[in-house]
Amino acid sequence: MYKIAVLPGDGIGTEIVPEAVKALNAVGARFGHEFSFTQALVGGAAYDAVGHPLPDETLNLCKESDAVLLGAIGGPQYENLPVHLRPEIGALLPLRKELALYANLRPCMLFPDLIQASTLKEEVLRGVDILVLRELTGGIYFGEKKRGFNAEGIPEASDLLKYSSIEIERIARFAYEAARGRRKRICSVDKANVLESSRLWREVVTGLAKEYPDVETTHMYVDNCSMQLIRNPRQFDVIVTENMFGDILTDEASMLTGSIGMLPSASIGGEVALYEPAHGSAPDIAGQKKANPLATILSVAMMLRYSFRLEKEAKLIEQAVNQVLTEGYRTPDLQEPGKKTVNTEEMGNKICEILTAVR
Ligand code: NAD
């Protein structure tokens, strides 16, 4: 019995998470695994119900589970709440910190049938397979935040970007180990020409590289990386970078896959790992059944792989996603002429049909 905490959250989170739960149930029925799901409130939904975006019951449930499935949180109606009650700062960041999820894995793989869905040219995209490792519990998102006035009475604000060598080394080590199971190339992304925290980042990675002589190490400034990702993405195998750079670069990298609705993620580090799509709550399409559930479904494939060591089951979900795309089914974010448009639930049903039928 695998115990899974299910936190749909806000916006499209409540539409995509049920589809991923359905996929897990289909896999369970097929292979004889039992998954138990306990749902809890998080984000704006929790604030509306109980006045806090991360209630104690939710955090405790996550800690007592074998894995956490999160949809997305946030929305315009919560943007002006006091800082500690905003969904992202009051729930997402503490959840990551409390569960010690320092390593965020975002595999950016291109399903061949989606080449035409991307805004980039086919010859640039063919063969793209990148794993981005984003540091998730340090850096500017967690640094001290201040608001005040300068001597002239003009409003000012600051956010502190701080990293210790320990935080850098553990994510870099994670990246090296991951690279050993792939094409053995690491690109460490920083802004060492300007930022002191990046200079420490580069020093630590350079030192660690000596322990991994079988892995090729390169360093790249983040501005160059954002350009190289769309100029020649095939040059990358594993990218390792700090929290904010990873956040921004992976939204960009999602366009290599055709849509941000295709990019899954796993957050690992402590005893319980958390799985969620890389995108947000998409308030612009929430409630319209337009959301692509595939990033969330691919996130539960990562759950099967990393939390439960069920590799065959994980691969089956990835194959089902590939097959559904090959058969021409598309949610609106991926729509191309001649393809069959399906809504969120229909896409989830197609995946389950394949998971149940494939031999
Ligand atoms: P977003 O990722 O929610 O949406 C960006 C664009 O991508 C939108 O046009 C949206 O419609 C589209 N999109 C996203 N996911 C999609 C999917 N599955 N299928 C089809 N289209 C999809 O980013 P945003 O608009 O900048 O942020 C909206 C809210 O989400 C904000 O409150 C933000 O803070 C929050 N957010 C939460 C998380 C999280 O929960 N981990 C991550 C990022 C943003």
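Colleague: How much space lies in the largest pocket?

Modeller: This is a predicted model, where local features need pLDDT of at least 70, side-chain atom pairs count only at pLDDT 80 or more, and totals for chains, interfaces and linings use all residues. Residues are numbered from 1 along each chain as its sequence is written, and side-chain values use heavy atoms, with hydrogens and water left out. A pocket is an open set of points on a 1 Å grid over the protein atoms alone, with protein on both sides within 12 Å along at least five of seven lines. The volume, the space filled by probe spheres (1.4 Å) set on the points, is for the largest pocket about 580 Å³.

Colleague: Which residues are closest to the centre of the largest pocket?

Modeller: Lining residues have an atom within 4 Å of a point. There are 29 of them in the largest pocket. Closest to its centre are I73, E88, L92, R96 and D247.

Colleague: Which element gives the most to the lining of the largest pocket?

Modeller: Helices (H or I, at least four residues) and strands (E, at least two) are DSSP runs, numbered from the N terminus. Strand 3 (67-72), helix 4 (87-98), helix 9 (243-254) and strand 12 (273-277) each supply at least two lining residues. The most, 6 residues, come from helix 4.

Colleague: From which domains does the lining of the largest pocket draw at least three residues each?

Modeller: Domain bounds come from an automatic or database domain assignment. The lining takes at least three residues from each of domain 1 (1-102 + 260-359) and domain 2 (118-257).

Colleague: How many residues of the lining of the largest pocket are charged?

Modeller: Ala, Val, Leu, Ile, Met, Phe, Trp, Tyr, Cys and Pro count as nonpolar, Asp, Glu, Lys and Arg as charged, and the others, Gly among them, as polar. The lining has 14 nonpolar and 5 polar residues. The charged ones number 10.

Colleague: On to the second largest pocket. Which element gives the most to its lining?

Modeller: About 280 Å³ of space lies in this pocket. Its lining has 15 residues, with P107, L131, R182, R305 and Y306 nearest the centre. Strand 5 (129-135), helix 6 (165-180) and helix 10 (294-306) are among the elements that supply at least two each. The top contributor, with 4 residues, is strand 4.

Colleague: Which element gives the largest share of the lining of the largest cavity?

Modeller: A cavity is a set of points where a 1.4 Å probe fits but cannot get out. The search finds 1 cavity of 30 Å³ or more, and the largest holds about 50 Å³. L161, Y163, W201 and F245 are among its lining residues. The largest share, 3 residues, comes from helix 7.

Colleague: Now the ligand. Which residues are closest to it?

Modeller: The shell, residues with a heavy atom within 4 Å of the ligand, has 20 members. By class, 9 are nonpolar, 7 polar and 4 charged. The closest are I73, E88, G280, A282 and D284.

Colleague: Which residue has a side-chain N or O atom 2.8 Å from an oxygen atom of the ligand?

Modeller: A polar contact is a pair of N or O atoms within 3.5 Å. E276 places a polar side-chain atom 3.2 Å from a ligand nitrogen. The side chain of H279 has an N or O atom 3.1 Å from a nitrogen of the ligand. The 2.8 Å pair, to a ligand oxygen, belongs to D284.

Colleague: How much of the ligand's area does the protein bury?

Modeller: Accessible areas come from the Shrake-Rupley method with a 1.4 Å probe. Taken alone, the ligand exposes 810 Å². The share buried by the protein is 70%.

Terms used: Polar contact = N/O pair within 3.5 Å; in protein donor to acceptor, adjacent residues only side chain to side chain.
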